[in-house]
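Me: I would like to go through this structure step by step. Could you help me read it?

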Amino acid sequence: MPNGLFVTLSEDHTAPIVAVNLWYHVGSANEPAGRTGFAHLFEHMLFQGSADVGSNEHFELVQRAGGTLNGSTWLERTNYFETVPSNQLELALWLEANRMGYLLPAMTQQKLDTQRDVVMNERRWSMDNQPYGSWMEKLPALCFPDEHPFHHSLMGSMEDLTAASLDDVKQFFATYYTPDNAVLSIAGDFDPAEARRLVERHFGPIPRGRGKPPLPDMSLAPTFGQWRREVVPDEIMLPRLFLAFRSPAFGTPEYYPASVCGAVLGLRNGSRLRRELVRERQVAADASAFTYDLAKGADLLVTDVTVRPGIAAEQLEQEVAYEIDRVVRDGIEPAEVERAIAVIQTSFVSAMQEAGERADRLSMFATYFGDPGLVNDEVDRYRAVTTDQVNEFVQERLGENNRASLLYVPRDDAPGELAGAGAAAEAE
Amino acid sequence: MTTAASGALPRPAPASRRDFHFPRFERRQLANGVEVIVAPVRKLPLVTAALLIDAGAVCDPVGREGTAQLVAKLMLEGTSAFGGAELTERFEQLGATIDAQADWDAAAITMTVLAEHLPAAFELLAQVLRTPAFRPREVERIKAERVAELLQLRAEPRGLADELFSRFLYTPASRYARPEGGDEASVDVIEREHLLAFYETRYLPGATTVVLAGDIDPDRATDLARRTLGDWAGGTPERIVSDDRPGRDGRAVHIIEKADAPQSELRIGHVGLPRNHPDFFPVNVMNAILGGLFNSRINLNLREVHGYTYGAFSGFSWRRQAGPFAVSTAVKSDITGAAAQEILTEIDRIRTTAVAPEELSLATSYLDGVFPIRFETTSSIAAALSVLVFYQLPDDYYDRYRERIRAITAEQILAAAQHHLHPDALQMVVVGDAAAVRPSLETLGFGRANIYDATGRPVA
C-alpha cells in the first residue's frame, strides 16, 4: 500500500473462517539498553484498548464475534492475530487498524502499571518458579556476544521492567508500530476484491512512519570458536543439558540442511538422540532438538536432553557429546535424512490446515524476506536436501569449536568442581 | 455502532453469517464388533486415524494404578514382528506422526499421515493394536520413564498442584484420587504379566473404535479396517465405573511447602459432575462467564483489575464420572490470601445474582461463533468424534450444539451455579512458601492449614 503496509491475501473457502495476522518487524532485538523486556511489555499494552476500543474490549469484541486471538513477541518480531467467522473480517481489520493508527489516546499510567505487574507474574510463572525456566534467557546470553541484539533477555529483567515508562510506550509506538514496518496477512474465506477494499479503507489513512533506527551489524562468525560451558544450579530433580550450535540464519540455502539435521537428531521418536540415549543406552528420560529460526546474523540449533534418574550430570554431558561426536565421525545415513524430511513434510501439511497458521507463515516470509510466496517452496526446499548437504553441515557446525552447553544441576548436589567451571566460563 | 473518537472509521457491523456444519460422518461396524467412524474432509491430502479403546485409567487394577498408561505407551514399543526402534522407523519413514496414551476414560493411538501413505501406515497401526510384544526391556524402560516423570513433578509447581488437588478432592477409594499414570508405589509393582493381562482383557474388538478423518472415503476406509482388523477375534469387556465421591465434608486448605517460592500455584475447587449430566450446557456457559474466557470474571478481576497474576481460569474436567471443578492460577506469594479471597467472592457472586445480559451474550456468542474454528484440522475432527464415542453422545450432537448454546438463559446459569458450585465443599491447594502464605490463607474460613512436603506427606 502507499503507506508501506505489506498485504498478503490467501483464499480458501472450505470453512466460513478467516484469519487476520499482523507482524510488526520489531522484537526484543530492537530494545534499547536498560529496557530489556520492553517489546513484550508493549505487546501487552496493545490489548489495553485504543482510541475507539475500551480497556479489555479488544478481547471482548473478538470473542463476542466468535473469534480466537492472541499475540506473541519474539527476538525479531511481534505478531498479533485473530481467527474469526468470515462475516467478522471487517471487525478484525478495524480492531487492528485502530490500534495501529490510534493507540496512544488509550494509554494510561495505570494500565502500564497493571500490565507491568502482569508481565512480572508471567516471568515468575514461566521462568522464576519453573524448573529449568531460566534457560530461555541463559541460552541466548551464552550463545550471542554481549553487545549482540539477540544476547539479552526477551522477558526482561525485573529492574528494566520497573523502569519502563509511558514515554517509552509513546516512543516505541511511534518508531515501530507503523504501516511501513508491518505485514498484514489474511487467509481463509473472503472475497479478494472486498478484502482489498476493506484493508484500504481501514489501514489506508494511517500515515507511514519516520523510519526506525537500524540494528547493528548482526553477522557472526560461523562457529563459536570454542566450547562454551555454563553450569546452572537450580531447584530441579534431574540434570538437563541444552547443547547449542551456531547455525545458518533462517531462510538461507544453508538453513535447510541444518534444520533437517536438527530433525535427524531430535524430532520425534525415531530421531538419533531419542533412539540412542532414550531407547538404546537408556541414559536419558527425554531428548529433542529444535532451531530458533532467527533470520538475521545466525541461528541456533539446540539439543535438549534430560537424564534418567541415577545418571550424574557429568555423565549426561559426556553421553550427549559422545553421540554428537559419533555423528561428526561417522556421518548421518540417507535413511535418517529421509525419515526426517518425511516427518517434517507431514507436520508442515498438518499445520497448513489452519487458517491462522497459513496467515502466520505468509507474514513471516513477507516480514523477513519480502516474499510471502516463499511459503509455497518450503516443502520443496526440504525435499531437495541431500544427505551430503546434511553431513557438510555436521562437519562445519557440530564440532567442538561450535558448542555451547547449558547444564542444569540440582542445587543441593551441585558439585563444587562443576559450579567452579561454570563461574569460569561466565567470566570469559 | 459507536462513533469513532479518533477520526477512524466506526466499528463495523458483521456481514451475514455463512452456514457451517460439523463434517458429515458415517458409522460402520465390522462383524467382530469393531466400530468404524469415517469423516471425509477433503481440504489437504491428509488423514488422521485414531484407534480408541475402552481401556482408560479407570480400568486400572487397585494397587497397580498406572497400568492403563503403561500399556498404551508400550503399544508403540514393539510388535511381534518388529522391535520398538524398527517399528518407529517404519512409521516415520512414511512420515506418520503417531502417539499413544491413555486418559481416564479411554486409550487412544492417534496417527496423522499423508493420504498416499495411509494404507501402509494403517496396516502397521493394526499390527500395533493386535500384536504388541511388551518386551521386558521396553517394559522396564517405560516404567522408568514414568518414575522420572514423577520425580520431575516434585519440583514442578503446576503439575504438583494439579496432582495433589485431585488427591485431596476424592475419597481414597476413588481411582481419581491417584495420578492418572500411577505413582511410585503402584508403578513399581506392575510387572510384564500384569500389562499383558490388562491388554488381553481390555484391548478387544468390542471395545475398539476406529476413527478416520480427512482425505478418504467411507468405503475405502471401511475396506482398510476390515482387511486389517476384520479377523481380529475377541469379545467386549465390561465397562468400569470409577467411584467419584469426595474425600471429606467441608472446606479445607492444603499447603505444599516450596520454601522461598516467588509465586504460589493455587487450585480451588471441588468434585464436579459427569460429562453426560443433563446440565452440561448451562454449566459450560456458566463456567465461561466465571472463569473460562479471557474476559471472564475471575481473569478480569485477578489479572486486569489487580495485576495479581498472568492468568486465572476455571474449568470442569469432563469424564464419565464426576471430574474436578477447579479454579487455577499462579499469584505472587505475598498476595496469595487476597487472590484466593477474590476467587471465593466470584464463586459466591455467580451463585447469588443472575449474570448480566452482556455477560451471557458474550459467552454464548463466543461458544456459538467459535464452533467452526474448532474443527479446522483432521486431528481436531477425529478428537471431536472420539468424544462422541467415549461419552456415547448422539450422532447429531455437534449439529445441535450451537442452538443449544444459544438457548441458554441467565436463569439457567444461576440455577447451574447454585446446583453445581459448592462453596462449602471447596478444597484449596497451594504450592508455595508455607511460612509466607499460611497466615493469610487461615483467615479465609477454611480452618487451619494442612502442610505437606512435595511428595504429599504431612509435615508437622
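Me: Is A:D293 buried, partly exposed or exposed, and why?
Reply: In this predicted model, A:D293 counts as partly exposed because 17 C-beta neighbours lie inside 10 Å. A residue needs 20 or more such neighbours to be buried, and 12 or fewer to be exposed.

Me: Where is A:D293 placed in chain A?
Reply: A:D293 sits in the loop that links β8 (284-291) with β9 (299-307) of chain A.

Me: And what is its phi?
Reply: The phi of A:D293 is near 60°, which is a positive value in a residue other than glycine. Most residues other than glycine have a negative phi.

Me: Which residue of chain B has a positive phi of about 50°?
Reply: That is B:Q392, and it is not a glycine. B:Q392 is found in the loop between α13 (378-390) and α14 (397-406) of chain B.

Me: Is B:Q392 buried or exposed?
Reply: B:Q392 counts as exposed, because it has 9 C-beta neighbours inside 10 Å.

Me: New topic: chain B as a whole. How many helices and strands does it have?
Reply: Chain B has 16 helices and 12 strands. Of its 460 residues, 53% are buried.

Me: What about its radius of gyration?
Reply: The value for chain B is 24 Å. A compact globule with 460 residues would have a radius of gyration near 23 Å, so the two agree. Along its principal axes, the C-alpha trace of chain B spans about 65 × 65 × 40 Å.

Me: What share of the contacts in chain B join residues at least 24 apart in sequence?
Reply: The share is 80%, counted among contacts between residues at least 6 apart in sequence.

Me: Into which domains is chain B divided?
Reply: Domain 1 covers 26-229, and domain 2 is made of 252-370 + 398-452. The contact between these domains of chain B takes 13 residues from domain 1 and 15 residues from domain 2. On the side of domain 1 that touches domain 2 in chain B, nine residues are nonpolar, one is polar and three are charged.

Me: How far apart are the C-alpha centres of the two domains of chain B?
Reply: The C-alpha centres of domain 1 and domain 2 of chain B are 32 Å apart.

Me: Last topic: how many residues are in the largest nonpolar core?
Reply: The largest nonpolar core has 280 residues. Those with the most contacts inside it include A:A244, A:V260 and B:L125. In soluble globular proteins, nonpolar side chains tend to be buried together.

Me: Which residues does B:L125 contact, leaving aside neighbours within four places in sequence?
Reply: B:L125 is in contact with B:A49, B:L51, B:I109 and B:M111.

Conventions
Residues are numbered from 1 along each chain as its sequence is written. Chains are lettered from A and ligands numbered from 1 in the order in which they are written. This is a predicted model: local features need pLDDT of at least 70, side-chain atom pairs count only at pLDDT 80 or more; totals for chains, interfaces and linings use all residues. A nonpolar core is a set of buried Ala, Val, Leu, Ile, Met, Phe, Trp, Tyr and Cys residues joined through C-beta atoms within 7 Å. Two residues are in contact if their C-beta atoms, placed from the backbone, lie within 7 Å. Domain bounds come from an automatic or database domain assignment. Ala, Val, Leu, Ile, Met, Phe, Trp, Tyr, Cys and Pro count as nonpolar, Asp, Glu, Lys and Arg as charged, and the others, Gly among them, as polar. Helices (H or I, at least four residues) and strands (E, at least two) are DSSP runs, numbered from the N terminus. The radius of gyration is taken over C-alpha atoms; the globule rule is 2.2 Å times the number of residues to the power 0.38.
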